[in-house]
Amino acid sequence: MKLAIVGITGVVGEMLLRILDERKIPVTKLDGFASRDREETIPFRDLEIVVRAATPAALSAGGYDAVLFASSDDASAALAEACVQSGAFVIDNSATFRMDPQAPLLVPEVNPQALTSEHKILPVANCTAIVLCVGIAPINAVAGLKTVRVATYQAVSGAGRSGLDELAAGESALSQGAVEPLPKAFVAPIARNVIPQVGSFDAHGDSGEERKLAEETRKILGLPELHIAATTVRVPVRYAHSEAVFVETERDTSVEELSAALAKAPGVVFHPDGVVTPRDVEGTDLVHVARLRSESGSKRHFQLWVVGDQVRKGAATNAVQLLELLVTTGRIRSSIHETVI
């Protein structure tokens, strides 16, 4: 399989390389692209990948089966179509195509059937929406969903390397009694703090992340009329997102029935007792669900706690799972005569 990664030097780009290796994807060619040529190379298996500037011409000439984007919305908008015209599938971690009605929004554990033969651009959903949908899709399958209310506790990795660096610099300054650097990645200092704003506010007071979470969750679940209310909060955690979720089901159900559905759901680790924290799931690919309970004995109102690694399942792993889906459904075929890296 011939692959390219656009944004290979970023946090998600680096994780894509790790996931490709961990999942033993049979790669025969792998090229790396960024906003400009880089002097340093990036190791992958037995290769040292030269990082080149991403241009339509360079991506069109590569003969790729798939191009994985881990860059900006602008880069995807400028470059994706050239990849498709050259015959490649595009798997895109930006928000550029997520709400395009011609593009499916796929989470393989939830809605793989949404992939059809005409789809060439496969957006990767918002990381918070991915974690949420994996956690509540089993509930929807058993009893339907009427309303979803969620408060998120989002790791700084959602802001990329700058977010991780800002948390580290702030913690270091505070621990040494030094002056904390002014925030750049966030609207307020993040070290030892929580910030109830992820993205810019609209006229109604909703943030960009809150809008994405609601719109994309509806699309993934195939529930365009689902009522969703969200408050998204940035917290001083490095990699995993957590979500306190409150659902109202369409039909009567029980904690026992929902527990059974969650226990057997793909991609889910269900904890019938105790708690799970972001540090527990950091570096893993599964979504963990804990603290499932009904509200005062209700048969339709339930609460749960959902946690997943934002860089892995919320971005890179989901992208590689989409690549695997293209292979298993026969849309990408690798020659048995090609040498695997």
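The side chains of D285 and R312 meet in a salt bridge, with 2.8 Å from N to O, where a salt bridge is a side-chain nitrogen of Lys or Arg within 4 Å of a carboxyl oxygen of Asp or Glu. D285 lies in the loop between α8 (278–281) and β12, and R312 in helix α9, so the pair ties together parts that are 27 residues apart in sequence. Both D285 and R312 are buried, a term that stands for under 20% relative accessible area, with exposed meaning over 50% and partly exposed in between (1.4 Å probe, protein chains only). Salt bridges that share partners join E22, D285 and R312 into one network.

The model is a predicted one, in which local features need pLDDT of at least 70 and side-chain atom pairs count only at pLDDT 80 or more, while totals for chains, interfaces and linings use all residues. Residues are numbered from 1 along each chain as its sequence is written, and side-chain values use heavy atoms, with hydrogens and water left out. The elements named here are DSSP runs numbered from the N terminus, helices being H or I of at least four residues and strands E of at least two.

## Further salt bridges

Across the whole structure the search finds 13 salt bridges. One of them joins E109 to K313, whose closest N and O atoms are 2.9 Å apart; this pair links distant parts of the chain, since E109 is in the loop between β6 (89–92) and β7 (121–123) and K313 is in helix α9, 204 residues apart. Both E109 and K313 are buried.

R192 forms a salt bridge with E171, the closest N and O atoms being 3.4 Å apart. Because R192 lies in the loop between α5 and α6 and E171 in helix α5, the pair ties together parts that are 21 residues apart in sequence. R192 is exposed, with a relative accessible area of 55%, whereas E171 is partly exposed, at 28%.

## Helix α7

In helix α7 (residues 255–263), L258, S259, A261 and L262 are buried. Seen down the axis of α7, these buried residues fall within an arc of 165°, so they line one face of the helix; the arc is that of the directions from the helix axis to the C-beta atoms. On the other side of α7, E256 and A263 are exposed.

The buried residues of α7 are covered by elements including α4 (127–143), β11 (268–270), β12 (287–294) and β13 (301–309), contact being taken as heavy atoms within 4.5 Å.

## Pocket and cavity

About 660 Å³ of space lies in the largest pocket, and its lining includes α1 (11–22), α5 (160–176), α6 (208–221) and α9 (312–328) as the elements that give two or more residues. Of the 32 lining residues, V12, N93, R98, G158 and Q310 lie nearest the centre of the pocket. On a 1 Å grid over the protein atoms alone, a pocket is an open set of points with protein on both sides within 12 Å along at least five of seven lines, a cavity is a set where a 1.4 Å probe fits but cannot get out, and lining residues have an atom within 4 Å of a point. Grid points are joined across faces, edges and corners, and a volume is the space filled by probe spheres set on the points.

The count comes to one cavity of 30 Å³ or more, and the largest cavity has a volume of about 50 Å³. Its lining is made up of E166, A169, G170, E180, P181, P183, P189, I190 and A191.
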